[in-house]
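Let's take a walk through a protein model together.

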Amino acid sequence: MPPPKDVVKIAIQMVGAIPQLIDLQQTKPLASVLKDVCDAWSLPNAEHYALQYADGRQTYITESVRRPPTSPQPHRHGAHRSPVPFSLQNRGEIKNGSILRLTTSPDQEAERLYSGIQSNNSDVKTDSLKKLASLSQDVTFAQEFINRNGLKKIFCIVEEGNDTGEMLAHTLKAFMELMEHDFVSWETLSAAFIKKIVSYVNMNAVDASVQQLSLSILENMVPTSRVLFELVKKEVTLDRLLTHLQVTNAQLQLKAMALLIALLLSATDAERQEMMDYLREKNIRQFIHKNIIHSSEPLADEMAHYLYVLQSVSLNLHERRMRTSMDPYSQEQRELLQSLRQTAFESESEAPTSNFSTERRRSLCAKEFRKLGFVNNSNPAEDLRRAPPGLLALDNMVYFSRHTPNAYSRFVLENSSREDKHECPFARSSIQLTLILCEILHVGEPCSETAQAFYPMFFGQDHFFEELFCICIQLVNKTWKEMRATQEDFDKVLQVVREQITRTLSLKPTSLELFKTRVNALNYSEILKLRQTERLHQEETLAVPVLELRERLKPELLELIRQQRLLHLCEGTLFRKISSRRRQDKLWYCRLSPNHKVLHYGDVEEGVNSPPIESLPEKIPVVDMKMLLVGKECPHTKEKSSGKQNKDVLELAFSIVYDMEEYCLNFIAPTRYEFCLWTDGLNVLLGKEMTSERTQTDLDVLLSMELKLRLLDLENISIPDTPPPIPKPPSNLNFCYDFSHAEQ
């Protein structure tokens with residue numbers, strides 16, 4: 001008979017004793033289980049012991065116990081804080097074959113370390129803090145330690161101590177781990193504690209690990225309240241952060257960038273603009289382009305994300321102008337508009353317009369605005385009332401006219417001398433092009449919590465958006481001439497230009513000069529060739545016999561895709577933990593066993609790319625997996641606020657429901673590609689169809705390759721839609737030779 005569901009076979013270890021093999025009854029109280037284990041080893045005071053996993057993070061085994069709050073304890077910072085109540089249970093996660101260890105109970109360990117960190121013996125104190133930093137990762141221990149007002153002692157060590165070496169590093173590490181559980185608000189930290197942390201960031205002669213931890217603490221503080229943001233912004237100057245960015249220590253560089261990003265994201269629009277202007281003065285883009293992007297060391301995923309956020313924040317500074325319509329009564333905006341006309345036509349004027357009558361002057365201005373390409377030439381401000389792109393289009397046109405006056409004059413004058421129907425309208429093209437660039441570069445969209453895609457050329461150029469516009473508006477004129485376009489072809493031309501820009505950006509050019517070279521090389525004839533190739537390929541694959549052949553090939557190729565998905569799961573993927581408070585820098589790895597029967601996972605350190613399967617302590621048998629949840633159905637997305645800032649997380653979230661549908665393993669994929677491969681692979685393990693968009697893409701590519709190989713001999717031969725008719729059978733079969741008579 002199979003064992004009952006509520007009984008698991010496990011091993012329990014203890015130092016200096018022979019391990020016990022027991023049948024753990026999950027319905028039996030944990031206190032009774034511990035007493036039986038202690039009795040087997042003749043250990044008194046079973047209540048002083050606890051069970052924890054022997055491998056991995058060595059989490060304590062708990063069951064749901066709620067401790068009633070006692071009288072409030074005075075808090076370090078003047079407020080009162082009640083002990084944190086327990087509300088945990090993880091014993092149900094114990095599987096057959098698990099190895100547990102009998103160890104000191106969390107409350108006993110918390111009491112011992114609470115005393116140890118107050119010792120006058122520096123060795124004892126350092127060892128206690130080191131152990132505290134390790135154990136504080138466990139939520140059960142963390143609750144016990146915090147209930148003893150242990151954070152108060154940590155604050156005292158930081159505020160009153162002068163050590164800047166190993167002891168302080170362990171103290172700050174322990175503090176970080178305890179705060180990670182969100183039992184205590186960051187807003188409760190004292191000014192003295194914060195100033196001490198700030199001093200470690202601003203000091204030169206301090207251990208690098210202490211500075212890294214101090215930067216991480218400040219990064220966590222900044223988003224929690226406006227008061228903490230202003231305090232950190234005031235005490236840690238941008239110059240100091242730039243100094244940390246220029247060190248060779250990659251981790252310190254990363255933490256400094258993380259704090260800089262946290263400050264930028266928490267700032268108001270005006271503060272963000274001021275900070276970005278200052279960073280531009282300090283040439284941060286050129287430094288990043290040279291020393292980080294083109295460093296000899298490969299770019300870490302976390303740094304790639306921060307560079308993406310920095311790019312996004314910078315581009316979003318254009319959002320206000322993009323969403324602001326032109327005010328025809330604004331003197332400043334009217335002057336900008338008039339400057340476009342004056343720059344283009346002032347040399348053409350034979351006489352000063354001041355000598356003309358009002359009516360004549362108005363007529364001349366309308367004519368010149370028409371030559372500039374405004375639709376409403378009598379009132380060009382009307383063309384800029386649409387938002388987006390709003391005033392951003394005007395800014396781009398003015399930038400183009402002032403920074404590349406020769407190209408601007410050539411564009412306008414060249415088109416004003418053409419026939420009416422063939423002239424390329426500068427203003428109308430600029431307005432539409434600005435809108436296209438905003439859409440391509442996601443101006444005004446919130447930063448993704450997971451994205452890592454940034455354009456290296458963005459960091460190689462100040463005024464990136466405006467310079468990109470200058471290149472692309474000249475591309476519009478070039479493409480217009482290549483297409484011999486008329487006013488009716490305006491939308492077609494801009495559609496081709498959009499395609500030219502997106503295809504070139506997908507190549508990730510490292511500089512604007514390289515972008516300019518490549519986008520100009522991708523002329524209209526090249527776009528036509530690419531479209532023709534894609535269209536011919538589509539026509540070939542739509543013939544009836546080819547469609548029948550596709551259907552016959554599909555099962556074989558789908559099986560090939562299934563094997564590839566399972567192979568990818570066997571190789572494994574590095575996932576990042578993301579909380580509702582901030583992007584976490586903690587990593588975990590998950591991979592499928594080679595026999596496709598067990599899913600292994602566990603926490604890993606930064607820099608570990610492919611940990612061996614033996615080092616991943618947690619396991620989920622595939623037979624226990626019940627279903628796959630994606631997007632909004634996942635429990636970890638329901639916990640997060642449903643704002644648009646979490647849209648990217650929803651697109652990358654998936655969960656495995658396992659063990660009688662009681663537990664979930666939650667994932668946030670690093671990229672959409674990984675999301676597709678993992679959800680497909682898990683569906684294969686569950687015996688379901690692969691549903692991701694990547695499956696269809698891969699299937700189309702494989703079918704295309706296979707069809708081309710099979711139809712290679714039929715090149716330039718038209719394939720009929722219907723097979724040729726089968727001839728009628730002959731009236732007799734006497735022409736057949738009877739071999740049996742010949743043998744006789």
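Predicted model: local features only at pLDDT ≥ 70, side-chain atom pairs only at ≥ 80, totals over all residues.

Strands of a sheet pair through backbone hydrogen bonds, either parallel or antiparallel. Here, 3 strands make an open sheet in the order β11-β12-β13, with antiparallel pairing. The edges belong to β11 (625-630) and β13 (663-668); each has a single partner strand, so one side of each has no neighbour in the sheet. On average, neighbouring strands of this sheet are turned by 20° against each other, direction ignored.

Now look at how β12 (residues 653-658) meets β13: the two pair in the antiparallel sense over 6 bridges. For one example, find Ile-656, whose bridge partner in β13 is Leu-665. Helix α28 (residues 672-685) lies across β11, β12 and β13, and runs at about 155° to β11.

Strand β9 is joined to β10 (residues 618-621) by 4 bridges, and the two run antiparallel. Within this pairing, Tyr-601 stands opposite Glu-618 in β10.

Finally, how many cavities of 30 Å³ or more are there? The count comes to 2. The largest cavity holds about 90 Å³ of space. Its lining residues include Met-276, Ile-288, Ser-314 and Asp-462. Helices α12 (269-281), α13 (284-293) and α14 (301-315) each give two or more residues to that lining. By class, the lining of the largest cavity has 7 nonpolar, 1 polar and 3 charged residues.

Technical notes:
Residues numbered from 1 in each chain as written. Heavy atoms only, no water. Pairing = 2+ DSSP bridges. Axes fitted to C-alpha atoms, helices over the stretch in contact; angles between N-to-C directions. Contact = heavy atoms within 4.5 Å. 1 Å grid on protein atoms, 1.4 Å probe; cavity = no way out; pocket = protein on both sides within 12 Å on 5 of 7 lines; lining within 4 Å. Points joined across faces, edges and corners; volume = space filled by probe spheres on them. Nonpolar A, V, L, I, M, F, W, Y, C, P; charged D, E, K, R; others polar.
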